[in-house]
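Please open the model in your viewer and keep the sequence panel beside it.

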Amino acid sequence: MDGFVLSALGTREHWDAVYKRELQTFQEYGDTGEIWFGEESMTRLIRWMQKHKIPLDASVLDIGTGNGVLLVELVGTINIHVVFCIWFEKSILSMELSFGAGSAPS
């Protein structure tokens, strides 16, 4: 396509490398990784959900979950049911470490 520039963000190799680094960082230092849109953004979302009294039996669908930090906060703060969609195995491994092995959300 004329004028279309490919980005590394659109490649599986890029994201595999990102999640590999995050897994290594977690295993070495216990750091769960980057909060993709910033901690303030995550905090605002949680406050909004609390303010609007989102029922605990509601489900949250997180598409493009990344390392799962937002889901960890949602479950830990308001104990809501979460569903995620991600297609990178290393991302799922990262989430399992964040939640504790075997207890990642479904």
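Residues are numbered from 1 along each chain as its sequence is written, and side-chain values use heavy atoms, with hydrogens and water left out.

Asp62 belongs to strand 1 (residues 59–63); helices (H or I, at least four residues) and strands (E, at least two) are DSSP runs, numbered from the N terminus. Asp62 is buried but has no salt bridge, and Arg44, the nearest side chain of opposite charge, is 15 Å away. Buried means under 20% relative accessible area, exposed over 50% and partly exposed in between, with a 1.4 Å probe and protein chains only. A salt bridge is a side-chain nitrogen of Lys or Arg within 4 Å of a carboxyl oxygen of Asp or Glu, and in the matter of charge Lys and Arg count as positive, Asp and Glu as negative, with His and the chain ends not counted.

Next, select Glu22 in helix 1 (residues 12–29). Glu22 is likewise buried without a salt bridge, its nearest side chain of opposite charge being Arg21, 7.2 Å away.

Now move to helix 2 and colour Met42, Ile46 and Met49, which are its buried residues. They cover an arc of only 60° around the axis, taken from the directions to the C-beta atoms, which puts them on the same side of helix 2. Strand 1 and helix 3 (69–78) are included in what covers these buried residues. Just after helix 2, Lys53 takes a positive phi of about 50°.

Then select Phe88, in the loop between strand 2 (81–85) and helix 4. Phe88 counts as buried because its relative accessibility is 6%. Arg12 is 76 residues from Phe88 in sequence, yet their C-alpha atoms are 8.1 Å apart in space.

Finally, colour by pLDDT, the predictor's confidence in each residue, from 0 to 100. The chain has a mean of 80, whereas residues 101–106 stay under 50. Where pLDDT is low, the predicted coordinates should not be read in detail.

Terms used: Predicted model: local features only at pLDDT ≥ 70, side-chain atom pairs only at ≥ 80, totals over all residues. Contact = heavy atoms within 4.5 Å.
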